[in-house]
Amino acid sequence: MLLRWMIKLFMRHVGLAFDKDSPWQPEKQNQSESDTALEEQPGIFCAHCQSWLASHTESIEMSGAHRHHFTNPAGLSFEIALYRQAACQQYGGKSIEHTWFPGYHWQVAICAQCHQHLGWLFQRAHSPAFYGLITDRIAGLDVGAIASR
């Protein structure tokens with residue numbers, strides 16, 4: 001009995017089922033919660049941890065485009081996609097320096113689950129805030145045009 005239990009434990013460890021009907025068949029893998037979330041909730045997700053971030057209906061345009069390409073003062077280039085809302089946390093203080101959208105303060109936006117840098121929250125007085133999310137750090141994007149600046 002102990003030997004059977006040890007074999008069963010080992011087989012599960014290497015991903016095989018051990019039962020009387022089919023002792024050496026691969027065990028069915030359960031979908032992870034993040035895989036299920038990807039199928040059940042259309043929208044965009046953190047590319048690192050697969051946490052849901054926003055619905056496609058939250059996408060917006062500024063200057064006639066949903067996606068924009070910018071280069072910061074350090075020479076790093078980013079393609080960002082714009083969203084009214086996103087399940088992100090803000091990190092650090094707000095800044096107006098080197099803003100990509102005139103009159104808007106920016107603040108770093110991170111994934112609420114894994115804390116990866118996903119983009120920025122842009123805010124200004126008397127205007128709705130929006131997120132600029134880095135396209136290679138999110139999954140589930142719609143195809144959109146890039147507006148270079």
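Q: Are Glu 79 and Arg 67 buried or exposed in this model?
A: The model is predicted. Burial is read from relative accessible area, and a residue counts as buried when the value is under 20%. Glu 79 is buried, and Arg 67 is buried too.

Q: Which residue forms a salt bridge with Glu 79, and what is the distance between the closest N and O atoms?
A: The cut-off for such a pair is 4 Å, from a side-chain nitrogen of Lys or Arg to a carboxyl oxygen of Asp or Glu. Here the partner is Arg 67, with the closest N and O atoms 3.9 Å apart. Glu 79 sits in strand S4 and Arg 67 in strand S3, 12 residues apart, and the pair links distant parts of the chain.

Q: How many salt bridges are there by this rule?
A: The count is two. Besides the pair of Glu 79 and Arg 67, there is a salt bridge between Glu 58 and Arg 84, where the closest N and O atoms are 3.5 Å apart.

Q: Why do Glu 58 and Arg 84 count as partly exposed?
A: The partly exposed class lies between the buried cut-off of 20% and the exposed cut-off of 50%. Glu 58 has a relative accessible area of 23%, so it is partly exposed. Arg 84 is at 39% and therefore counts as partly exposed as well.

Q: What is the secondary structure of the chain?
A: There are two helices and 10 strands. Read along the sequence, the pattern is α-α-β-β-β-β-β-β-β-β-β-β.

Q: Where is Ser 51, and which residues does it touch?
A: Ser 51 lies in the loop between strand S1 (44–46) and S2. Leaving aside residues up to four places away in sequence, Ser 51 touches Ile 44, Phe 45, Cys 46, Cys 111 and Gln 113. Its relative accessibility is 15%, so Ser 51 counts as buried.

Q: Where is Cys 49 found?
A: Cys 49 is in the loop between S1 and S2. At 24% relative accessibility, Cys 49 counts as partly exposed.

Q: Where is Ala 65, and what separates its C-alpha atom from that of Ala 81?
A: Ala 65 has its place in the loop between S2 and S3. Its relative accessible area is 7%, and Ala 65 is buried. The C-alpha atoms of Ala 65 and Ala 81 are separated by 8.8 Å, the two being 16 residues apart along the chain.

Q: Which residues line the largest pocket?
A: Rolling a probe the size of a water molecule over the atoms shows where empty space is left. The lining of the largest pocket consists of Asn 72, Pro 73, Phe 78, Glu 97, His 98, Thr 99, Trp 100, Trp 106, Trp 120 and Phe 122. By class, the lining residues divide into six nonpolar, three polar and one charged. The space in the largest pocket is about 160 Å³.

Q: What do the totals for the chain come to?
A: Of the 149 residues in the chain, 32% are buried. Among contacts with a separation of 6 or more, 43% are between residues 24 or more positions apart. The chain exposes about 9,600 Å², and carbon and sulfur atoms supply 54% of that area.

How values were computed. Residues are numbered from 1 along each chain as its sequence is written. This is a predicted model: local features need pLDDT of at least 70, side-chain atom pairs count only at pLDDT 80 or more; totals for chains, interfaces and linings use all residues. Side-chain values use heavy atoms; hydrogens and water are left out. On a 1 Å grid over the protein atoms alone, a cavity is a set of points where a 1.4 Å probe fits but cannot get out, and a pocket is an open set with protein on both sides within 12 Å along at least five of seven lines; lining residues have an atom within 4 Å of a point. Grid points are joined across faces, edges and corners, and a volume is the space filled by probe spheres set on the points. Ala, Val, Leu, Ile, Met, Phe, Trp, Tyr, Cys and Pro count as nonpolar, Asp, Glu, Lys and Arg as charged, and the others, Gly among them, as polar. Buried means under 20% relative accessible area, exposed over 50%, partly exposed in between (1.4 Å probe, protein chains only). Helices (H or I, at least four residues) and strands (E, at least two) are DSSP runs, numbered from the N terminus. Contact means heavy atoms within 4.5 Å. Accessible areas come from the Shrake-Rupley method with a 1.4 Å probe; for residues, only the protein chains shown count as cover.
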